[in-house]
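Student: I have a new structure to look at, and I would like to learn how to read it. Could you take me through it feature by feature?

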Amino acid sequence: MSPEDELAGSQSTDLPASEPPGFDTSVAHSARVHDYWLGGKENYAADRAAGDAVIAAYPGIVMSVRANRAFLARVVRFLTAEAGIRQFLDIGTGIPSANNTHEVAQAIAPGARVVYVDHDPIVLAHARALLNSSPEGATDYLDADFRDFGTILRQAARTLDFTRPVAVMLIALLHLIVDRDDPYAIVSGLMAALPAGSYLALSQVASDIEAEQMAEAAKRYNRLARETQRHRSHAEIARFFTGLELLPPGLVPVQQWRPQSELEAKAKSAMWGGVARKA
Ligand SMILES: C[S@@+](CC[C@H](N)C(=O)[O-])C[C@H]1O[C@@H](n2cnc3c(N)ncnc32)[C@H](O)[C@@H]1O
């Protein structure tokens with residue numbers, strides 16, 4: 001079957017009509033723990049217990065996830081306003097929060113098109129908040145797994161034109177992809193499918209910033225949560241950009257990526273972030 005035939009045969013995402021699908025609230029999930037740290041309401045006792053266990057090991061986690069969210073907004077602003085990007089593939093979207101990708105992009109370019117992807121049922125349950133596109137632009141939500149990137153590319157092609165540049169956003173996702181799933185092959189497979197002028201923006205939890213605290217935080221999280229966290233070093237994360245042109249200031253703590261104020265720059269985080277262009 002040709003990719004076109006497969007695409008023609010793919011179904012639109014079925015969002016829940018009213019009730020969210022059932023999900024297991026007895027075990028912590030990254031989307032809900034992240035929501036807890038961001039001060040959201042879409043979390044349960046198990047998520048808060050895992051979140052608190054991490055806070056006890058690394059109290060900076062709350063500031064870190066907020067600095068990461070600010071990084072996301074600055075990256076989207078840069079890509080839209082300065083790099084001229086009009087298409088985004090945001091994988092590992094998380095529960096809608098402030099400054100979702102389409103809101104930031106469409107505030108600058110109302111015609112921007114954004115496809116969100118997450119595999120957590122609770123994110124699917126809240127996906128309608130991600131679909132309030134400007135009339136000129138478009139948004140879609142795919143309930144799909146990053147590791148199955150062929151499906152993501154096929155289904156995203158309903159909304160994105162893959163003959164034109166696309167920015168792939170992997171913001172705070174890759175620490176949830178363990179080595180046996182070969183995240184390097186997935187990232188390079190995704191980027192290989194995109195035309196020149198496309199971008200890769202990513203942030204990932206560090207193993208070499210506040211190393212002792214982060215190792216303890218990972219240990220505690222992994223005991224309590226469904227997914228296993230794999231923190232990575234600067235060198236390990238830089239490898240995701242192989243074959244791409246890393247933009248200044250390079251792979252840096254997220255708060256140091258083109259901060260817009262002294263306050264932003266002064267935040268602390270244990271996450272590396274960067275943006276690269278496919279030549
Ligand atoms: C820490 S949250 C980050 C949310 C958002 N990108 C941000 O930075 O604020 C990670 C998200 O990745 C999603 N995720 C984890 N593994 C995934 C996978 N294999 N495929 C798709 N999404 C995944 C989780 O469900 C969660 O919503």
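Predicted model: local features only at pLDDT ≥ 70, side-chain atom pairs only at ≥ 80, totals over all residues.

Student: Where does R74 sit in the fold?

Tutor: R74 is part of helix α4, which covers residues 61-82. In general, an α-helix has 3.6 residues a turn, so residues three or four places apart point the same way.

Student: Which residues does R74 touch, apart from its neighbours in sequence?

Tutor: Skipping everything within four places in sequence, R74 is in contact with V254, Q255, W257, R258, P259, Q260 and E264. For a view along the chain, take G250, which is 176 residues away from R74 in sequence, while their C-alpha atoms are separated by 15 Å.

Student: Next, the nonpolar core. Which residues of the largest core touch the most other members?

Tutor: They are L79, L89, F146 and L170, in a core of 86 residues. Helix α4 supplies the largest share of this core, with 10 residues. Take L79 as a case: leaving out residues up to four places away in sequence, L79 touches G84, I85, F88, A167, M169, Y199 and V275.

Student: There is a ligand too. Which residues are closest to the ligand?

Tutor: Of the 21 residues that surround the ligand, the closest are R69, G92, D118, F146 and I171. The side chain of R69 places an N or O atom 2.8 Å from a ligand oxygen. From G92, a backbone N or O atom lies 2.7 Å from a ligand nitrogen. In D118, a polar side-chain atom is 2.6 Å from an oxygen of the ligand. As for cover, the ligand taken alone exposes 600 Å², and the protein buries 98% of that.

Student: What about a loop residue: where is S233?

Tutor: S233 is in the loop between α9 (211-224) and α10 (234-238). Apply the cut-off again: with 17% relative accessibility, S233 counts as buried. Beyond residues up to four places away in sequence, S233 touches S207, D208 and W272.

Student: Finally, how many helices and strands does the protein have?

Tutor: The protein has 11 helices and 8 strands. Its radius of gyration is 18 Å, close to the 19 Å that the globule rule gives for 279 residues, so the protein is as compact as a globular protein of that length. The C-alpha trace spans about 50 × 45 × 35 Å along its principal axes. Buried residues make up 51% of the 279 residues. Among contacts between residues at least 6 apart in sequence, 75% join residues at least 24 apart.

How values were computed
Residues numbered from 1 in each chain as written. Heavy atoms only, no water. Helix = DSSP H or I, 4+ residues; strand = E, 2+ residues; numbered from the N terminus. Contact = heavy atoms within 4.5 Å. Core = buried A, V, L, I, M, F, W, Y, C linked by side-chain atoms within 4.5 Å. Buried < 20%, exposed > 50% of the residue type's maximum accessible area, 1.4 Å probe, protein only. Near = heavy atom within 4 Å. Polar contact = N/O pair within 3.5 Å; in protein donor to acceptor, adjacent residues only side chain to side chain. Areas by Shrake-Rupley, 256 points an atom, 1.4 Å probe, with all protein chains shown as cover. Rg over C-alpha atoms; globule rule 2.2 N^0.38 Å.
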